[in-house]
Amino acid sequence: MRLKQISVFLENKKGRLQDVCSLLGSNGINMRALTIAETESFGVLRMVVDKSDQAIDLLRKNDFAANVTDVVAVEVEDKPGGLAGILKIISDNDVNIEYMYGFVEKFSDKALLVFRFEDTDHAQRILNENGVSIVAEKDIQGL
Amino acid sequence: MTEKFWNKEIETAPRDQIEKLQVQGLKKVIQWALDTPFYGKKLKKSEINSPDDFNCIADLTKLPFTTKDDLRNNFPRGLLAVDMSEVVRIHSSSGTTGIPTVIYFTQDDVNRWSDIVARSIIATGARKGDIFQNMMTYGLFTGGLGLHYGAEKVGMTVIPVSSGNTKRQVQIMKDFQSTVVHATPSYLMHLHSVIEQSGPGLAGLALRKTFVGAEPHSENTRLKIEEMFGIDAYNSYGLSELNGPGVAFECEFKDSMHVWEDAYIVEIIDPATGQQLPAGEEGEVVLTNLIRQATPLIRYRTRDLAYLTNEPCRCGRTHQRLSRITGRTDDMLIINGVNVFPSQIEEIIMQIPEVGTNWQICLDKDGALDKLTVNVEIYSKMFSGDASQIEKLRSRIKEELRASIVINPIVRLHEPGFLPVSEGKAKRVIDNRPKI
Amino acid sequence: MIWNEQIECMDPQQLKGVQSERLAKLAEYVYSNSPFYQQRFDQHKIKPDSIKTIEQITDLPFTTKIDLRDNYPFGMFSVPQKGITEIHVSSGTTGNPTVVGYTKEDIKLWSDVMARALCCAGAEPDDTIQIAYGYGLFTGGLGFHYGSLEMGLTTIPASSGQTKRQLKIMQDFKPRILACTPSYALYMAEQAKELGIDPRKSSWKIGIFGAEPWSDSMRDEIENLWDMLATDVYGLSEIIGPGVAQECPHKDGLHIFSDVFFPEIIDPATDQPVEPGQDGELVITTLTKQGIPLIRYRTRDIVSMNIEKCRCGRTSPRISKIKGRTDDMIIIRGINLFPSQIEEVLLSIEGTQPHYQIVVDRKEHGLDMVQVQVEIEEQLFSDEVRKLNELKAKIQNGIEGVVGLRVDVKLVEPKTIVRSEGKSKRVIDKRKN
């Protein structure tokens, strides 16, 4: 299972992140995980939301440059060394990570990690084979 | 009928005649040198007070060597032999790092230099009517202007494109049907890859010859360039201290470079002992400039390694031939035709406060061009944890290097302790380029 | 010192005689040597031998940049290639660049007018000049180089850029004359201060600044910062390069060397001459050039002309500083940039035409900066920063390839560039003061 991540181009200008958040919020879309990749002149907001199709339409209608990318979210035991175990599986199997970010769900004892892999199919297979629990789209919606 | 020689009498003069010219030239140079503060002192120390003691070429060894340090230590006017009002041209290695060197020219000096460059051009078979696209950098670097003066003298059609902007170079080659180009070997290979990518490839080009210089290269590299373009490539040797291009050039037979011995006295010495070596033995190239009054140079240690051939050449020229440059006696690097000392890079990097103590540079080939990667450790106390600070630091290091050594490096920042620490002398340079 | 006193101070009536003679010769020359002009003359039913006086110049047709472009590369040449000793090329509006071919005589002419310009600015034969215009295809560097050679100055061919090195050269060799673009002179003053060098104590006492339009207030600033005399030089590569006109120390207009470059000022709308002192488009005829002679070339530069004799003794007419352009060309550090070139590059990169805007500013220490802002659209956008940086670099390199200028590229959000009547305003030039 893979998730749809939404990425948005943001100039380094005051209030732009808030614009995105309030747009999504006022339309009842909930963000589950997010991160910002920054450079000197612009940033890329990446997030996982509960209603991704609706979110992307909304953003584009409001003149944001937004795209959808496939990512894989996995659950990790929220304890020391939890992430290390998964990263070991990943590196032992020569899977390349483009980037990743983490997120802790307050009502569960698991941490949520979002990965963008170079080869999503391959990565997913490896994770499955090693018994890592992958978060499905419906899980996100239900969270 | 096109002329095979620019100055047949001198180019094919019998050896004794050449030596006579050299002795005359040497007397003149000593006279000029005695007019400079530096040589005035230095020659007197060796008890040389007049040119009269020099009556045969063997007397040359009575003269002391001159080194790059001499040039640096006597900057800016210690080697100036004429009044400044006689000086029409200044070429300086004035960098922002280290002590610069400077070479002055009178109008006669420029004329004599242009003349031997013209001679070099004609020796390769290029001539008036050729369209000459000069891809070497113009300005203080002598590679561009030197060939420009010579080509002007020959009466070629010169297109002074200078270096860089490869797409434009290709466009101009096509539009103006350039027949001769001048570039570094690595740039020619890069140029070829750009041409290949551009649709029609080599079709529609009129290229027939190239002068290759400013960078040591192997015979295989020459053959590769010749095969790639289907043209003849001629090796060129020169260095700015000795005017620039035109010290030695290959003739149509492309079998080592004729040193224009009426203009330069060439010696090969053992760099350790300073003793002259016979033809065929490899050693350091030492040159005496006989054609420049404003900044005379006697027995200048080039730090280039090569050997001489005195077998007669099929072209009929009697001037000895210099082999390809096989190496250096110091740690100077030549990166895409630009001379760089590791110490220059160190000086630039170390003045930036965010940089830690350890650094290393790597040289690789990126396609045909040299690629310089500078690995730098970050000084952890200066790191704020802000990603854009890292990016700014990277671009600052890049810009500083670009501004002072004219090379666009790749800069990689590392955490402290990443780079290997070696006992004793650190290994700062890793040169992964194929050996010549 | 006046380099060519006989010509530069010639009685206007006598000068007319020289110009008439040269124009008559030129008409014959282009008719028999340039297929382009032969056709033009025939089209307009002009018999070359009917041209006898300079007043008749208005009977001749104009030549435009489009003519040069359409006849690229060799169509405008009046001599066979073998007679051409040097070729310069500058980038054009779109597609074909503009080419200039010089014969040996043309290089002599260029050297002569540049020597006149150097003298006109106040250079003396014993001076040392630091030439910080770019050397290469750009005519600025080599033009000054040739003039300096002709005059016998000590030349330092520093070429452009590498500011720290420029300042070091100034300190080491103490040249009295500096030649570069005016914005670079401002920039260097700023850099000098940062390095702890007092610009007012520099060896540069005369500046010869050109290749971009600049104002009198900018002159005041430069003169104050460097404690030097700042003079304006005018030229364009189509005519010869630098050396068409030059200010003398009275700084009251640029002396145009009208015995070789005959000037007219016309109303660009009606093509009719305007009165002296009125603004109009500068039109130049090269009276003696061989390689690519040009008749009534429309420079697209707006100037006015003063025909009074100058206090310096030169009788040639003086043109004002450039007051504007008749087209949308922007001049940055001596390089001509047309918005259409940027469009071409953007189109070639993704096959679409994103919205863009060119912002020109002189904010950063006086150096002209160009920023090309490009709206990010979905097909250009990636979630990976690396790819966005690659896109930026691709646009930057593409522009450099076409224009020969390194610009700053800024990716901006969609619909953020102000549109006026549907079409965005392409150029914002903040340099105007």
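Q: Where in chain C does C:Pro73 lie, and what makes the peptide bond that joins C:Tyr72 and C:Pro73 a cis one?
A: In this predicted model, C:Pro73 sits in the loop that runs between helix H4 (65-70) and strand E1 (84-90) of chain C. The bond joining C:Tyr72 and C:Pro73 has an omega of about -5°, and it is accordingly described as cis.

Q: What is the omega of the peptide bond from B:Phe75 to B:Pro76, and where does B:Pro76 lie?
A: Omega is near 0° for the bond from B:Phe75 to B:Pro76, and this peptide bond is cis. B:Pro76 belongs to the loop between helix H4 (68-73) and E1 of chain B, and strand E1 of chain B covers 87-92.

Q: Is B:Glu47 buried or exposed, and why?
A: B:Glu47 has 8 other C-beta atoms within 10 Å, and since a residue is called exposed at 12 or fewer, B:Glu47 is therefore exposed. The residue is found in the loop between helix H3 (37-45) and H4 of chain B, and its phi is near 60°, a positive value in a residue other than glycine.

Q: Is B:Ser162 buried or exposed, and why?
A: The count for B:Ser162 is 26 other C-beta atoms within 10 Å, and because 20 or more is the condition for a buried residue, B:Ser162 is classed as buried. This serine is found in the loop between E4 and H7 of chain B; although it is not a glycine, its phi is positive, at about 65°.

Q: What makes strand E10 (264-269) and strand E15 (327-328) of chain B stand at the edges?
A: The order of the open sheet of four strands in chain B is E10-E11-E12-E15, with antiparallel pairing. Strand E10 (264-269) and strand E15 (327-328) each have a single partner strand, so one side of each is left without a neighbour in the sheet, and this places them at the edges.

Q: How many residues of chain B are in contact with chain C, and which elements of chain B supply at least two residues of the side that touches chain C?
A: Taking contact to be C-beta atoms within 7 Å, 35 residues of chain B are in contact with 32 residues of chain C. At least two residues each come from strand E1 (87-92), helix H6 (142-154), strand E4 (157-159), helix H7 (166-176) and helix H11 (387-405) of chain B. By class, this side of chain B is made up of 16 nonpolar, 13 polar and six charged residues.

Q: Why does the radius of gyration of chain C agree with that of a compact globule?
A: For 433 residues, a compact globule would have a radius of gyration near 22 Å, and because chain C has 22 Å, the value agrees with the rule. The C-alpha atoms of chain C fill a box of roughly 70 × 55 × 45 Å along the principal axes, and buried residues make up 51% of the chain. Of the contacts in chain C with a separation of 6 or more, 67% are accounted for by residues 24 or more positions apart, and its secondary structure comes to eleven helices and 23 strands.

Q: What does the domain assignment of chain A give, and how many residues does the contact take from domain 1 and domain 2 of chain A?
A: The assignment gives domain 1 (3-69) and domain 2 (70-142), and their C-alpha centres lie 22 Å apart. The contact takes nine residues from domain 1 of chain A and 13 residues from domain 2 of chain A. On the domain 1 side, the elements giving two or more residues are strand E1 (3-11) and strand E2 (31-38) of chain A, and the residues of that side divide into three nonpolar, three polar and three charged.

Terms used: Residues numbered from 1 in each chain as written. Chains lettered and ligands numbered in written order. Predicted model: local features only at pLDDT ≥ 70, side-chain atom pairs only at ≥ 80, totals over all residues. Rg over C-alpha atoms; globule rule 2.2 N^0.38 Å. Contact = placed C-beta atoms within 7 Å. Nonpolar A, V, L, I, M, F, W, Y, C, P; charged D, E, K, R; others polar. Pairing = 2+ DSSP bridges. Domains from an automatic or database assignment.
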